[in-house]
Amino acid sequence: MPTDSFFRRAHSRASEARQAAREFHAGVIQPDMALVIFFCSSAYDLAALADELKRLFGDVPLVGCTTAGEIGPGGYCGHSLSGVSFSSTVCVAAVDRYPQLQNFNMAQGQAFAKRLVDRLGSLSPAVSSANTFALLLIDGLSVREEPVVYTLQSVLGNIPLCGGSAGDDLKFVSTWIFHDGAFHNDSALLVLISTPLPFRIFKTQHFISENERLVVTEADATHRIVKEINGLPAAGEYARVLGVAVEDLTPERFAETPIVVVIDGTDYVRSIQKANPDGSLTFYCAIEEGLVLRVARGVDILANLQQAFEHVQEEIGPLQLCIGCDCILRNLELVRKQLTGKTGELFDRHNTIGFSTYGEQYGGVHVNQTFTGIAIGTPLGKIDD
């Protein structure tokens with residue numbers, strides 16, 4: 001089997017759910033599929049989409065989620081369906097869904113992850129960080145990403161984890177995970193893949209923090225809401241630092257000037273989701289009273305992403321596949337700067353499939369305004385059938 005057929009990507013822009021499913025299936029179908037992953041707009045009739053996908057793929061393990069935009073051979077798209085199939089020639093996969101995230105606890109989460117690791121071990125002996133990685137897809141409105149990703153990584157140990165929070169095209173109403181033939185909310189999906197191919201988990205962001213300190217003086221940590229910064233209404237104080245009116249605090253503005261927390265000299269982005277009528281700010285990431293924040297300004301987002309791909313390619317060779325989780329705020333910035341076309345071409349050159357997220361996971365940490373990826377490279381020797 002030639003290496004270019006290990007992974008088959010496809011991207012349908014059909015607006016009708018069943019037609020999109022059929023076009024996607026025709027593009028990714030291959031013999032002996034170990035797994036199929038897809039990303040779709042929440043604008044589709046999800047019941048019809050699930051029914052058609054289940055009919056087409058049958059018993060093939062099929063997982064996915066709704067998005068805030070899709071990435072595929074067609075570049076950046078909205079109201080589309082993208083995804084990839086994995087050949088069993090080079091991949092063994094185990095998948096499972098954790099339901100009822102609002103009742104998530106560490107003990108149950110650890111047991112869930114251990115069962116999945118054991119299941120993969122029964123299919124592919126000698127599972128290790130050298131041959132196995134994890135993908136996490138999680139309800140992007142659950143506000144449970146931090147404890148979930150921390151708990152799962154604690155069980156996975158050195159097995160690297162990457163993932164994204166499902167979206168709903170910036171409606172912020174319901175986000176969905178697909179597993180076992182149906183869409184589910186309040187759920188997390190863990191995918192473990194073992195492969196002899198070289199791979200790397202990587203991330204990149206393009207922000208540099210400024211000096212002015214913004215101290216969170218009142219917050220609702222449970223709901224990721226900051227009410228006061230420096231003792232003043234949060235939205236007003238953030239707008240003051242930016243030199244704009246509160247009325248000008250749009251998603252595009254949040255995309256270009258996020259908030260960061262500086263820990264040991266490293267910036268961790270805490271992106272703002274929206275400004276609320278009461279003057280508070282809702283964040284995509286964990287926030288709490290006493291945090292010292294700084295506004296960050298971006299450098300060249302496209303050059304930064306290209307450098308990240310080049311670095312990974314130097315390590316593992318030309319990429320056969322990259323599963324990309326790209327923050328929706330990055331997408332909005334690229335739209336404003338009219339760079340989506342060039343970025344889509346860059347993604348396609350590196351065989352990227354993925355989606356615009358409501359947050360990203362890397363290792364045991366939930367982050368924002370970041371591109372996280374699982375890159376699968378090209379082996380030096382030939383892999384036999």
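Strands β8 and β12 pair in the antiparallel sense, and seven bridges join them. Both belong to an open sheet of six strands in this predicted model, where the order runs β7-β12-β8-β9-β25-β26 and the pairing is mixed. The edges of this sheet are taken by β7 (92-98) and β26 (365-367), each of which has a single partner strand, so one side of each is left without a neighbour in the sheet. From one strand to the next, the twist averages 20 degrees.

**Strand pairing**

- Within the antiparallel pair of β8 and β12, Leu-135 has Val-191 of β12 as its bridge partner.
- With β9, by contrast, β8 pairs in the parallel sense over five bridges, and there Leu-137 has Gly-164 of β9 as its bridge partner.
- The chain passes from β8 through helix α4 to β9, and the β-α-β crossover made in this way is right-handed.
- Strand β25 (residues 360-362) is joined to β26 by three bridges in the antiparallel sense, with Glu-360 standing opposite Val-367 in β26.

**Helices packed on the sheet**

- Helix α3, which spans residues 106-123, packs on the sheet and touches β7, β8 (132-138) and β12 (188-194), while its direction makes about 160 degrees with that of β7.
- Helix α4, which spans residues 145-156, also packs on the sheet, where it touches β8, β9 (161-165), β12, β25 and β26, and its direction makes about 165 degrees with that of β8.

**Burial of strand β8**

- Strand β8 is mostly covered, with seven of its seven residues counted as buried.
- Thr-132, Ala-134, Leu-136 and Ile-138 point one way from β8, whereas Phe-133, Leu-135 and Leu-137 point the other way, and the residues of both groups are all buried.

**Thr-151 in helix α4**

- Thr-151 lies in helix α4, the helix through which the chain crosses from β8 to β9.
- Its relative accessibility is 1%, and Thr-151 therefore counts as buried, given that the cut-off for this class is under 20% relative accessible area.
- When neighbours within four places in sequence are left aside, Thr-151 is in contact with Phe-104, Met-106, Gly-109 and Gln-110.

Key
Residues are numbered from 1 along each chain as its sequence is written. This is a predicted model: local features need pLDDT of at least 70, side-chain atom pairs count only at pLDDT 80 or more; totals for chains, interfaces and linings use all residues. Side-chain values use heavy atoms; hydrogens and water are left out. Two strands pair if DSSP finds at least two bridges between them. Helices (H or I, at least four residues) and strands (E, at least two) are DSSP runs, numbered from the N terminus. Axes are lines fitted to C-alpha atoms, for helices over the stretch in contact, and angles run from 0 to 180 degrees between N-to-C directions. Contact means heavy atoms within 4.5 Å. Buried means under 20% relative accessible area, exposed over 50%, partly exposed in between (1.4 Å probe, protein chains only). A crossover is right-handed if, with the strands pointing away from the viewer, the path from the first strand over the helix to the second runs clockwise.
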